[in-house]
Structures are given as C-alpha cells and as structure tokens.
Amino acid sequence: MIDLKGYGPQLAEGAVVTIELAFLSLLLALFLGLTGAAAKLSASRVARGIATTYTTIVRGVPDLVMMLLFYYGGQVLVNGISDLLYEHYEIDWFFQFDPFISGVLTIGLIFGAYMAETFRGAFLAVEAGQIEAARAYGFTRWHTFRRVMVPQMLRHALPGIGNNWQVLLKTTALVSIIGLTDMVRVAEEAAKAERSPFLFFIPVAAVYLALTAVTELFIKWLNRRANVGVVQGEG
Amino acid sequence: MPDFITAWLDQNDVFTTMTMLEYWNGLVQTVQLVFLSLIIGLLVAVPLAILRTNRRWWVSGPVWVYTYLFRGTPLLIQLYIIYYGLAQIPGIQETFWWSIFREPFYPALLAFTLNTAAYTTEIFRGAIAATPQGEIEAAKAYGMSWFLRLRRIVLPSAARRAVQAYSNEVIFMLHASAIASVVTIVDLTGAARNIYSRFYAPFEAFIGVALIYMALTFLLVFAFRKLENHLLRHQRPAGG
C-alpha cells in the first residue's frame, strides 16, 4: 500500500466509503427511477402529477442545497418526532441522522429523477405490438411488465443509466462537505495538515478516474449482452 | 429598500431585512461567478473544440487529455486542488498574482472556468464533427479558405446544433457553483448556510435558497428555449 505520509490506509478506507455510498445511492435511484417512470406513464393523473413535480423540483435545485436541507433539516425533523413521541406516548425513540444516510437519501433522490426520465424513454421505445401480443397470450399486467417490458426496455435504458452513474459517482464527493469521512474528506484534512494539496488530491482524483473507467467497461459489456440478437445498422 | 417593506419584513422571525440582504448579496456573487466562468469557458472552448477535431493526433490528443481529466473527476476536487494548490506554488506569495488569488473568488472562478470549458469543448466537438460533408465541399468549391469556411459555414451551423446540450451545461454550472461556499465564498448557498446557523432554521434557510435557485433555473430554461426557437426557425415547417 502506498504510504502517503501515513494517510494511505485512511484514504483507502475513505475510498471504500465512497464506493459504498455510490452503490447504495444507485440502488435507491434505480428503484425511484422505475417507480417514477411507472408513475409518469400511468393513467392516473395524480400519479403523473406527483412524478412530474418530483422531477421538476430535483432539476431546479442544486445537489448541495438539497443535501444540506436533508442533513440539517432531517435531524430537526427527527428531533421533533422524537419529542412528540416521548410527550404523548412516553416512547423513548431517537435516531441520529448521519452524513452517510443523508448522502444516500439525497443522491438517490436526485438521480432517481434522472433515472425516471431515462426509464420513461426506454419504456416508450418498446414496441406497442410486443405488449399487445403479451396481453393476447393472456399475460397479466404484472407479467407483461416483468417478462416483456423490462427485458426489452433495459436495452434502451442502459446507455442512459451508464451516463447517470458516471455523474452520480462524481456527486458523491459532495457528501464530504456535510462531514462524511470519504476519501475526499480524508484528503482535505491531510492536505491542510501537511500543506501539500497535490500529494493527496491527485491520488483521489485518480481513484475517481479509475472507478469511472472500470465501470465504463462493465457497462459496455452489459450493453453488448443486452443487445444480443439485435441487428444494428452500419453507421 | 422602502421603509414599509423593511418594517413588514422585520415582523418575520427568519426572513428579516438582514436575511433578505444576505440572500441578495449571495445572489450577486453566484451570478457573477457563474456568468464569468461561462463566458470565459465558452471563449476557451471554441478554439479547443476546433483543435480537438483536428486529424493530427498530437494536436487533438492534448485537448482530449484535458477534457478527459476535467470531465472524469469531481469539480469539488478540482476546486480544492486549485484553491489549496495555488498557495503552494513556490514564490507566488511574493508576486502580484498573490493579491488576486488570495481572494477565494478567483481560484473558484479558475476552477469553474476550466471545468465548464472541458464540457463545452466536448459539446462543440460533437457539433462540429456532425457538420454535413456536403456543406464543407460546397464551401471548398466556392474557393473559401480554411478560416473563412470555419467562420461562415462550420461554426454557425455547429452553434445551432450545440445550443440544446449547452443549455444543460449552463444549468449544471449554476447548480455546481453551490460548492463555492466550501471555500468561504458567500454565494447563495453560503448565505443560506449563514442564515441557517444564525437562526438554527434549516427549513427556512435551505428551502428559501432552493426556491431562488429554481427561479434562476427556470429563467435560464425559458431564455434558452427562446434562443433555440430563434436559431432553429428555418427548420420549422413553413406556413400553417
């Protein structure tokens, strides 16, 4: 392991935190994205309205502001609920809103909105005839969704998911601002203490580059698999 | 500010005259930072995009490395490297540059400009590469020089193709500028953080600033839609 004036192990631990944060946020974003896309395409006006409000708000507000709101506001909200429970029901419940949870919630929520757009486009790209055929075979709505729509939609959604993931990964750096000890935070503290910013920030930047490069290869591989059997025009 | 507004505002718990002034100063700071970095970034990006489409690898290669590095790493890291790094350059504290870069505004401006220039270069590269070959052939047939061709044919049509992607970049930059508050700049987000810590009122402080950012975003979206309509007017179906 590279020592980096003794900060090497701490930086490595920080990198693990960054990766965990990114993957958990991605899971939440994929879940919210699918739900959001389903709501946007549903026949219910209420569902469409909620989904549109959600994606519009997310696109209008900076990620950092939302993160600060969740982190500071979340704790105040939890404290309020905690007081209320204790006063009225004598339930002693408390929950510490830490930076990691705020980070996953915020990033998941933000990229959920972008994923919703990606999935919506991908669902629309599935031929209507496929769905009609499935219904004609007596598939239920859920079955049509799971066996026909999702597998065909994924092919169209993958490039968009890949782009969102690359941006998401870089957004995780922001969580260091609300105090999560990820690799950016460790590097910042080390750079200040040792007065050598390049020594610590350049390796961290390199880790981000490496993570994007590796996941890009993985997404390419997934893309090839998802497109098996699709005849593509020569470009 | 008129007295009656001041009197009315001072009845509020959080949104007092002082709070409003703080938001206003933050708004000015954010707009300056974003506007300047976008303008300089655009001026840098156009020549870089032309170099990037050059066939010789030793011309396009360095530009590719630059855009790859700046697009592949978080802006926050770039800001930290420039903010903390500039002070470490040997001898800089004795030169006049130090009087500029000692202020956090200029390192932040430099970081934001380099970042947006990298993204804008790639946007323009795509737009330039998509120029129909026939247009270039026609320009050559008219005897236009390389520079004239670029100025009259390639760049105007590339600009039209780039507007939409560029408008996304502008909004991205507005939102990304929120991190200026971590290097002690009191921009909109910095103002919100101050207001939060003064009143311990997270919802008022951050929802308030979120609404300001949203208003700015929608203003930009509206302006770019107008611009797009104007630039792409010739592609609309005639009559009707």
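1. The unreviewed UniProt entry annotates "transmembrane region" over residues 30-51, 63-85, 105-124, 170-193 and 205-224 of chain B. Please keep in mind that the coordinates are a predicted model.

2. Residues 205-224 of chain B are 100% helix and 0% strand, with end C-alpha atoms 29 Å apart. For residues 170-193 of chain B, the span is 54% helix and 0% strand, and its end C-alpha atoms lie 24 Å apart.

3. Next, a helix pair within chain B. Helix α2 (residues 17-52) of chain B packs with helix α8 (residues 146-176) of chain B at an angle of about 140°, and their axes are 11 Å apart. An angle over 145 degrees would count as roughly antiparallel; α2(B) and α8(B) are therefore oblique to each other. The crossing of α2(B) past α8(B) is right-handed.

4. Which residues make this contact? From α2(B) they are B:V34, B:S37, B:L38 and B:I50, and from α8(B) they are B:L150, B:V170, B:M173 and B:L174. By class, the contact of α2(B) with α8(B) has 7 nonpolar residues, 1 polar residue and no charged ones.

5. Finally, the chain pairing. Here 27 residues of chain A are in contact with 28 residues of chain B. On the chain A side, α3 (63-89), α7 (183-194) and α8 (197-226) each supply at least two of the residues that touch chain B. That side of chain A has 20 nonpolar, 3 polar and 4 charged residues.

Definitions and conventions. Residues are numbered from 1 along each chain as its sequence is written. Chains are lettered from A and ligands numbered from 1 in the order in which they are written. This is a predicted model: local features need pLDDT of at least 70, side-chain atom pairs count only at pLDDT 80 or more; totals for chains, interfaces and linings use all residues. Two residues are in contact if their C-beta atoms, placed from the backbone, lie within 7 Å. Helices (H or I, at least four residues) and strands (E, at least two) are DSSP runs, numbered from the N terminus. Ala, Val, Leu, Ile, Met, Phe, Trp, Tyr, Cys and Pro count as nonpolar, Asp, Glu, Lys and Arg as charged, and the others, Gly among them, as polar. UniProt positions are given in the numbering used here, feature names are shortened, and annotations may be inferred rather than shown by experiment. Axes are lines fitted to C-alpha atoms, for helices over the stretch in contact, and angles run from 0 to 180 degrees between N-to-C directions. Angles under 35 degrees count as roughly parallel, over 145 as roughly antiparallel, 65 to 115 as roughly perpendicular and the rest as oblique. A crossing is left-handed if the near helix is turned anticlockwise from the far one by less than a right angle, and right-handed if clockwise.
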